[in-house]
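Here is a protein to explore.

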Amino acid sequence: MSIAVTLPDGNQLSLPDGATGADAAAAIGPGLARAALAVRVSHPEAGEQSQLRDLSSPLPDGAQIAIITAKSGQEALALIRHDAAHVLATAVMELYPGVKISIGPAIEGGFYYDFDFPEGVSLSEEAFPEIEARMREHIAAGEPFTRTDVPVPKARERFVAEGQDYKVELIDDLVAAAEPDSPLRSVSLYENGPFTDLCRGPHAPSTAAIGAFALQSVAGAYWRGDPSRRMLTRIYGTAFFSKKDLAEHLRLLEEARARDHRRLGRELGLFAFSEISPGSPFWKPAGMVIFNELTELWRAENRARGYREVRTPIIYDVELWKRSGHWEKYKDNMYFADVDGRPMGLKPMNCPAHIELYKDERHSYRDLPVRYSEAGIVHRHEPSGVLHGLLRVRHITQDDAHIFCTEEQVTDEVVACLRFGFFMYEIFGFEPRLELSTRPEKRIGTDEMWDRAERALAGALESEGLAYELNPGDGAFYGPKIDLHMTDSIGRSWQLGTVQLDYSMPERFEISYTGADNAEHRPVMIHRALLGSFERFVGILIEHYAGRLPLWLAPSQALVLTISERAAAYGGQVAQSLRDAGLRVQLDDRSESLGRKVRDAELSRAPYMLVVGEQEAQAGTVAVRRRDGHQESGVHLDELIERLLGEVAARR
RNA sequence: GCCGGAGUAGCUCAGCUGGCCAGAGCACCUGUCUUGUAAACAGGGGGCCACGGGUUCGAAUCCCGUCUCCGGCUCCA
C-alpha cells in the first residue's frame, strides 16, 4: 500500500502508507529533512481546509502538502513562538512551584503565556534573566515536542490531580462547545521535557528550533478577558530563528518608540500634559498650528459638502442626559457640577445639543438633509488606566456632524460620509481599516429599527465595494456604526472616524419634519466624525510622519539661518518677505556656528532651512536645504516663495 | 477601574545596603568667538528628591496612603 501527495511545485510524491510529514521531507532530501518544522496539508477533494500539522502526523492519501521550514515566513515564526511559549511555561513552572498555567499563544510579533502565581508571589521583569536562563537550558537540550491524544476523562483527571484548574475549565468548555452529533472524545497533549500542556498544536519537532528569544514585559490580564474573573500575570516575549533577526526586531521597536507622539510632542514643543488636569492636553503654540490647519481643512471641506457649522454649550441640565439615555449607560463616565443647586453635566456627546438646535425650528421635507457640523468639545471621564497621550484623552474635540434626513436619503448620506472620510484620509496617505459594528446587548430601540439600520450600513459599504470586518455586538447603544481604524507607531489600532445610524434619538426627542403629505414624520439621524477627534488625529499624524509634517502642517515651515552677524539684516528681510507671503518662518541669527544651527533646525523637523551669508545678501538669493539633506544654492527669493506656496496649496 | 513598574533640575538620567552642603550631560543666562550645511570655548543660575503621614538621633534612600505617568487587561457613547 502506498499514498501519493502533491508538492507545491506540482510534482507527485509516492510514499508508503502511514508516512508522515517527516517521511515526505526525508524523501525529498536530507537537507529538507533537517530543516523541516511542520507540514501544511490541504485536501480539497476531501473537503478539508488547509491545516498546519506536526511532522509526525501521518499524511492522508491525495493531499497537497508543503514542508514548513525556517524560511516559510510568518507561519514558521508563529510556530516557534508558540513553542517558545511552552518553554516559558516550562521554566516558570520549575522556578515557581504551585503556579497555575492558563494559555500561551503566538501573537503578532511574539507570544505570551498567562500564569496564576500562588498567593503572595508576584512577578516583575527583574525575574526575566533567571527565567530566560532556564529557558535557554531547555532549548539547548533540544527537547522533542511529542503529541498524545488522550481521552477527555483521562486528560481532565490529570489536570485535576495537578491542580491546574484553568486547564480543567478549558477542557470542560471544549466538551460543551462540541456539536452534539460529534461529541469531543479526546484532547491533545504536548510534552516537552518535564512539561505537558493541553494544546491543539502543532509544534516544531523540538525546542531546538527556537533560535533566539527574549522576554519583553509582564502585565496583568483577566482570565478569559473577563474583568469579573481573576487577573493573571501575562509574560510577553518574542522569538526568531536567528539572533540577528531578533536584534533587528528589537531595533525596529526602539525606532518605533522614537516616533511616539508623546515623546515628539514634548521634543517639538507641540503640547504638554499636567497632573493638574489628567488626560487633557495643553496645546502649545506650535501644536496649535497643526490643530488649526486641520480645523481649516475640516471647515472648508464640510462647507463644500453642504454642512453648516454650529456651536453648542458644553454643560446641560442632567435631564437632557436622562432623556437621551446617556445617563443610564454612561453616568459613571460623565462629569457633573452643581450649579445653584441644579444638577448639570458636561456633554459627553454633541448629539442632544444638535437635536435641540433642530427642534428650535420647524422642518419641511424640502429642507432635508439638515447637516450640522461642530468642532465639538466633549468630556468623558475615561478610566485612569486607559489614558494615552493624545490618543485617549478626557477632553475631546470631535470633528462631529449630525445629519437629519429621510429614510430614503439614508444610503446616499452614508455613502457620502464614507467618500468624505476617504477623501480626508487620502490627503495624509492613510489607508483605514473598516469595521461594521452591529447591535449590542444593552441598547435602545426596537429590533425592526436595528434590522433596517444594519441593512442600510452594510448596503452602503457593499455599494462602495469596500472591504470591512464585522464586529457583532459592538455598536453604539442607539445604533449600528461603521468605524475607520488606523494603527499607531507600535501597531496598536485606534478608531478614528465613525458613521453611526440612529433611529432611536429622533424617537426619544420626538423630532419631526413635515412631509409632502403635510403630515409629521420622524427623520433618521446620522452621527459622524471623520477624523474622530482632533486630538487623536494629530497624535496619529505625528507618528505617521515621525514628526516630519508636510509643509502645510509644519508649525515652522522654514528657518532662516544666518552665517554670521554680517548677514543678520538680510536674514531678517528674507524672513519678513516669506511671512508677508503667508508662510510661517523663524529667524535663527544666534551667534552660533552654521553647523550648530543646521543641527538644531534638523532636530526641529522644519521642512526648509534657508541659509544666508554675505554672498546671498549680495545676490538676493538663499541657499536652500531641505530636511532630507538636499541642498540647492542661489535660489532667488521670488522663486522660493512661489515654490513653497505651491507646495502648501498642494498639501504635500 | 484591575495587575505590574516608575516618579530626583525644563529634558535624559546617576545617587537609593539610611549619615560627607543632592550630582552629570543637554537646555537656559553671561562673556569671548563671527562662523558656509548635524553640537565653538569659558563662567554662571536652577532642585518642597511627586504629595501626605510614619519609623529613626538622622530619610531622596525604609514603611503606609494619595496623585500622576509607563506597559498590559477590561472599557471606549
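Helix α14 (residues 447-463) gives the largest share of the lining of the largest cavity, three residues. Helices here are DSSP runs (H or I, at least four residues), and strands are E runs of at least two, both numbered from the N terminus. A cavity is a set of points on a 1 Å grid over the protein atoms alone where a 1.4 Å probe fits but cannot get out; lining residues have an atom within 4 Å of a point. The model is predicted: local features need pLDDT of at least 70, side-chain atom pairs count only at pLDDT 80 or more, and totals for chains, interfaces and linings use all residues. Residues are numbered from 1 along each chain as its sequence is written, and side-chain values use heavy atoms, without hydrogens and water.

The lining includes Met449, Trp450 and Tyr478. Its residues divide into six nonpolar, two polar and no charged. Here Ala, Val, Leu, Ile, Met, Phe, Trp, Tyr, Cys and Pro count as nonpolar, Asp, Glu, Lys and Arg as charged, and the others, Gly among them, as polar.

Now look at the charges. Side chains of opposite charge can pair when their charged atoms come close. A salt bridge is a side-chain nitrogen of Lys or Arg within 4 Å of a carboxyl oxygen of Asp or Glu. The count comes to 46 salt bridges. In one of them, Arg251 meets Glu255 at 2.6 Å, N to O. These two are four residues apart in helix α7 (residues 243-258), so about one helical turn separates them.

Arg419 pairs with Glu464, with the closest N and O atoms 2.8 Å apart. This pair links distant parts of the chain, 45 residues apart.

Methods: Chains are lettered from A and ligands numbered from 1 in the order in which they are written. On a 1 Å grid over the protein atoms alone, a cavity is a set of points where a 1.4 Å probe fits but cannot get out, and a pocket is an open set with protein on both sides within 12 Å along at least five of seven lines; lining residues have an atom within 4 Å of a point.
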